[in-house]
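Hi there,

Here is the model I promised to pass on to you. Have a look at it first, and then read my notes below.

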Amino acid sequence: MNKKQMTHKISRDAGITALQAEKAYQSMLLGMTDALAQGERVTFSGFGSFEIKKRKARQGRNPKTGEKLRIPQKKRVKFNPSRILKDQL
């Protein structure tokens with residue numbers, strides 16, 4: 001499902017215009033992004049939660065040359081599905 005399909009579903013299910021659904025969708029994404037950027041966990045009951053995890057710096061290897069290289073630390077978004085979602089899949 002892409003953005004257009006999601007906003008269409010929101011519009012239809014909530015009985016609102018497509019423009020209102022688009023604004024609601026954008027607001028939700030912006031709110032999630034802001035919360036994650038501040039280190040907060042974002043949880044949707046019955047669906048799952050998103051959180052930022054730090055990946056430690058580590059040694060890697062260039063597969064072409066075999067040369068060792070340092071892979072820097074980075075942040076990633078981790079999703080944990082709820083038990084309800086797991087059971088439905």
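**Notes on the model**

Leaving out residues up to four places away in sequence, Thr7 touches Ala21, Glu22 and Tyr25, where contact means heavy atoms within 4.5 Å. Thr7 itself lies in helix H1 and is buried, with a relative accessible area of 10%. On this scale buried means under 20% relative accessible area, exposed over 50%, and partly exposed in between, with a 1.4 Å probe and protein chains only. Helices (H or I, at least four residues) and strands (E, at least two) are DSSP runs, numbered from the N terminus.

Before going further, some ground rules. This is a predicted model, in which local features need pLDDT of at least 70 and side-chain atom pairs count only at pLDDT 80 or more, while totals for chains, interfaces and linings use all residues. Residues are numbered from 1 along each chain as its sequence is written, and side-chain values use heavy atoms, with hydrogens and water left out.

**The whole chain**

The protein chain has 3 helices and 5 strands, and from the N terminus on its elements run α-α-β-β-β-β-β-α. Its radius of gyration is 19 Å, well over the 12 Å that the globule rule gives for 89 residues, so the chain is more spread out than a compact globule. For that comparison, the radius is taken over C-alpha atoms, and the rule is 2.2 Å times the number of residues to the power 0.38. Along the principal axes, the C-alpha atoms fill a box of roughly 60 × 30 × 30 Å.

Buried residues account for 17% of the 89 residues. The accessible surface comes to about 7500 Å², with 53% of it belonging to carbon and sulfur atoms; these areas come from the Shrake-Rupley method with a 1.4 Å probe, and for residues only the protein chains shown count as cover. Of the contacts between residues at least 6 apart in sequence, 30% join residues at least 24 apart.

Which residues of H2 are buried? They are Ala21, Tyr25, Met32, Ala35 and Leu36. These residues cover an arc of only 105° around the axis, which puts them on the same side of H2; the arc is that of the directions from the helix axis to the C-beta atoms. On the other side of H2, Leu19, Lys23, Leu30 and Ala37 are exposed. The cover over the buried residues of H2 includes H1, strand S1 (42–44), strand S2 (48–55) and strand S5 (74–81). Just after H2, Gly39 takes a positive phi of about 85°.

The largest nonpolar core is made up of 5 residues: Met32, Ala35, Leu36, Val42 and Phe50. H2 supplies the largest share of this core, 3 residues. A nonpolar core here is a set of buried Ala, Val, Leu, Ile, Met, Phe, Trp, Tyr and Cys residues joined through side-chain atoms within 4.5 Å. Val42, with its neighbours within four places in sequence left aside, is in contact with Met32, Ala35, Leu36, Gly48, Ser49 and Phe50.

**A few single residues**

- Thr17 lies in the loop between helix H1 (3–14) and helix H2 (18–37), and at 43% relative accessibility it counts as partly exposed. Its C-alpha is 9.6 Å from that of Thr7, 10 residues apart along the chain.
- Ala18 is found in helix H2 and counts as exposed at 54% relative accessibility.
- Ile52, in strand S2, is partly exposed with a relative accessible area of 31%. Leaving aside neighbours within four places in sequence, Ile52 is in contact with Leu36, Lys75, Arg76 and Val77.
- Pro81 has its place in strand S5 and is partly exposed, at 32% relative accessible area. With neighbours within four places in sequence left aside, Pro81 is in contact with Phe47, Gly48 and Lys86. Pro81 and Phe44 are 37 residues apart in sequence and 9.5 Å apart in space, C-alpha to C-alpha.
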